Amino acid sequence: MFPTKLFRNKKSLIAVTGGIAAYKVCEVIRYLVTQGSDVRVMMTRSACEFMTPLTLETLSRHPVYRELFPRNGYAAPQHVHLADWAELGAVIPATANILGKFSAGIADDFVSSTLLALHCPLLFAPAMNDRMWENPFVQANLKRIREAGYEICPPEYGFLAEGYEGMGRLARLEYLIQALYRTAHPARQSLKGKTVVVTAGPTREALDPVRFFSNYSTGKMGVALAWEAFARGARVVLIHGPIQLTTPYGMETVGVESARQMFEAVMDRMKEADWIIGAAAVADFRPAQQATEKIKKTAHKTILELEANPDILATVARSRRPEQIVIGFAVETTEGKRHALKKLREKSLDMVVLNNPLESGAGFAGDTNRVTLFHRNGRQLELELMFKLDVARKIFDFVLEPNR
Ligand code: C5P
């Protein structure tokens, strides 16, 4: 679902400050490099106590910046040059010290000086001892940084270097990546203050305690939409059937099994939603009876009676407020356009995303999709084959920037 080069050509500047979590930044740097980013690293003096610069030089394939006053003759003010060069900045891990210095505008070494000179989006991923994390001054500094428009990837609860569990562990790699993606997103604020509810994945319709009906949906398209909405600053609620994907960071997730449960969950969230996107492959039917015991092979009834599930999106569209945006998907194997337009009309949606699962590279399970977008105002956009995250980006652009 992710493009092969999520950070292609992005000039990323990673600041490493002195905490035990510094060793984890290796994975982040390696990830950025593999995703096409041009990475430079700067380290504070205490970061170099935890980790040798050689490691990060090897991973980033560039010298690590450390000294504000290099001793080898005249050097132009490198911290300003580096700050001008960067398109994406991240402090991983961010100690209580750097949060304090940055929020107070202190520049007393290479890292703190460069951070103040940056004019690109900047992410802080704090990691520290739990008591330091809870300190009201640390929290106040963090609040100031957040309110000034910087991104924060908060730490997690877990095993700390001190030998006990607490709040303050550096966010795990998947979360850091998602936070970096958001920080780098060109439309980072385009859904700020909006709540986006996304349904994703299949539903399971129980036949008896051990069997169910379902479909091949993996939830990738829905999770990509949730990622994209999060990256655009939205509050995201992801309502998903059984899926194997890592639960995305920074959003509320509601796990359900059946179509009826998904229906309840969506109706529950309907009021707070500005956008409702139905990317789930909801089963249209369920077994009319659910056996309480496992059905035996010897049972002579071979015809299964089905009954219809509620149509979630159609119900949403009927009871929506006019300013709410409702988007549905259409999976069609024949006469796609006609069905898509019919769905748009009959379910009174703002937009339908049509895909044909029989086309190569499109539909369920894969990382790519090939879709056509239909807007109720008549606009249509046929997209080439692309990664699901890129499809998600196009879907939001299509609604938010109608003139593009
Ligand atoms: O009518 P059809 O099932 O093809 O419509 C597909 C769209 O409707 C998808 O967006 C899907 O999430 C949604 N849907 C729904 N509830 C159902 C069936 C489909 O919300 N019971």
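Begin by selecting Ala 280 together with the ligand: a backbone N or O atom of this residue lies 2.7 Å from an oxygen atom of the ligand, which is a polar contact in the sense of a pair of N or O atoms within 3.5 Å. The model on your screen is a predicted one, in which local features need pLDDT of at least 70 and side-chain atom pairs count only at pLDDT 80 or more, while totals for chains, interfaces and linings use all residues. Residues are numbered from 1 along each chain as its sequence is written, and side-chain values use heavy atoms, with hydrogens and water left out.

A polar backbone atom of Pro 310 is 2.9 Å from a nitrogen atom of the ligand, and a polar backbone atom of Phe 329 is 2.7 Å from an oxygen atom of the ligand. The ligand taken alone exposes 450 Å², of which the protein buries 85%, the areas coming from the Shrake-Rupley method with a 1.4 Å probe.

Now show the residues around the ligand, among them Gly 278, Asp 284, Ile 312, Lys 343 and Lys 347; a residue belongs here if one of its heavy atoms lies within 4 Å of the ligand. By class, this shell has six nonpolar, two polar and four charged residues, where Asp, Glu, Lys and Arg count as charged and Gly counts as polar. Colour helix H12 (312-319) and strand E16 (325-331), each of which supplies at least two residues of the shell; helices (at least four residues) and strands (at least two) are DSSP runs, numbered from the N terminus.

Then zoom out to the whole protein, which has 14 helices and 21 strands, and whose C-alpha trace spans about 85 × 50 × 40 Å along its principal axes. Of its 404 residues, 51% are buried, that is, under 20% relative accessible area with a 1.4 Å probe and protein chains only, whereas exposed means over 50% and partly exposed lies in between.

Select Ile 92 and Pro 93, which are joined by a cis peptide bond with omega of about -10 degrees; Pro 93 lies in strand E3 (residues 88-94). Move to Asn 9, in the segment before strand E1 (11-16), where phi is near 60 degrees, a positive value in a residue other than glycine. Asn 9 is exposed, with a relative accessible area of 58%.

Finish at Arg 61, in the loop between helix H3 (53-60) and helix H4 (78-85). Although Arg 61 is not a glycine, its phi is positive, about 60 degrees, and at 61% relative accessibility this residue counts as exposed.

Conventions. A polar contact is a pair of N or O atoms within 3.5 Å; within protein, one must be able to donate a hydrogen and the other to accept it, and residues adjacent in sequence count only if both atoms are side-chain atoms.
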